[in-house]
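My entries follow in the order I made them.

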Amino acid sequence: MSIVHIVLFEFKPSTESDVIHDVCKRMLALRQNCIHPTTKEPYIVDSTGGRDNSPEGHQGAFSHAFVSHFRNEEDRRYY
């Protein structure tokens, strides 16, 4: 079973949409860009996320969420 790590973002209302888009792009790029120094391989197994679209309305002030999967606890700690 993989280790799941969740990151939630709350942006200030004054944050420009270009900045939010850049943050999202960079978060999703971590899967390819995070290379383990020993194995020289990416250590994030899977990564997904983006703007909240839940109809329930229980997200509070969080507008974006990202979920990353790691093979083991060691890889997550290195992250």
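**Entry: Asp-46 and Arg-31.** I began with a salt bridge between the side chains of Asp-46 and Arg-31, at 3.6 Å from N to O. The model is predicted, so I take the distance as a computed value. Where do the two partners lie? Asp-46 is in strand E2 (residues 44–51) and Arg-31 is in helix H1, so the bridge ties together parts that are 15 residues apart in sequence. I then looked up how open each partner is. Asp-46 has 32% relative accessibility and counts as partly exposed. Arg-31 is also partly exposed, with a relative accessible area of 32%.

**Entry: the other charged pairs.** How many salt bridges does the structure hold? I find 3. In one of them, the side chains of Arg-26 and Asp-22 meet at 3.5 Å, N to O. Both residues sit in helix H1, 4 residues apart, which is about one turn of the helix. Arg-26 counts as exposed at 57% relative accessibility. Asp-22 counts as partly exposed at 34%.

Arg-76 and Glu-73 form another salt bridge through their side chains, at 2.3 Å from N to O. I placed both in helix H2 (residues 73–78), where they are 3 residues apart and separated by about one helical turn. Arg-76 is partly exposed, with a relative accessible area of 29%. For Glu-73 I also read 29%, again partly exposed.

Entry: In which order do the strands run? I read E1-E3-E2, an open sheet of 3 strands with antiparallel pairing. Strand E1 (3–9) and E2 are the edge strands, each pairing on one side only. On average, neighbouring strands are turned by 15° against each other, direction ignored. Then I turned to the helix. H1 lies across E1, E2 and E3, and runs at about 165° to E2.

**Entry: Ser-68.** Ser-68 belongs to strand E3 (residues 64–70). Is Ser-68 buried or exposed? Its relative accessibility is 5%, so I log Ser-68 as buried. What does Ser-68 touch? Setting aside residues up to four places away in sequence, I list Ile-3, Val-4, His-5, Ile-44, Asp-46 and Ser-47.

**Entry: the core.** Which residues make up the largest nonpolar core? I count 7 in all: Val-7, Phe-11, Ile-20, Val-23, Cys-24, Met-27 and Phe-66. Helix H1 (residues 17–33) gives the most to this core, with 4 residues. In soluble globular proteins, nonpolar side chains tend to be buried together.

**Entry: the cysteines.** Cys-24 is buried, with a relative accessible area of 14%. Beyond residues up to four places away in sequence, Cys-24 touches His-64 and Phe-66. How many disulfides does the structure hold? I find 0. A disulfide would need the two sulfur atoms within 2.5 Å. I also checked the burial of Cys-34. At 11% relative accessibility, Cys-34 counts as buried.

**Entry: Glu-41.** Last, I looked up a loop residue. Glu-41 lies in the loop between H1 and E2. With a relative accessible area of 46%, Glu-41 is partly exposed. Which residues does Glu-41 contact? Leaving aside neighbours within four places in sequence, I note Cys-34, Ile-35 and His-36. I also took a distance to Val-23. The C-alpha atoms of Glu-41 and Val-23 are separated by 23 Å, and the two residues are 18 apart along the chain. Val-23 is one of the core residues.

Notes. Residues numbered from 1 in each chain as written. Predicted model: local features only at pLDDT ≥ 70, side-chain atom pairs only at ≥ 80, totals over all residues. Heavy atoms only, no water. Helix = DSSP H or I, 4+ residues; strand = E, 2+ residues; numbered from the N terminus. Buried < 20%, exposed > 50% of the residue type's maximum accessible area, 1.4 Å probe, protein only. Contact = heavy atoms within 4.5 Å. Core = buried A, V, L, I, M, F, W, Y, C linked by side-chain atoms within 4.5 Å. Salt bridge = Lys/Arg side-chain N within 4 Å of Asp/Glu carboxyl O. Pairing = 2+ DSSP bridges. Axes fitted to C-alpha atoms, helices over the stretch in contact; angles between N-to-C directions.
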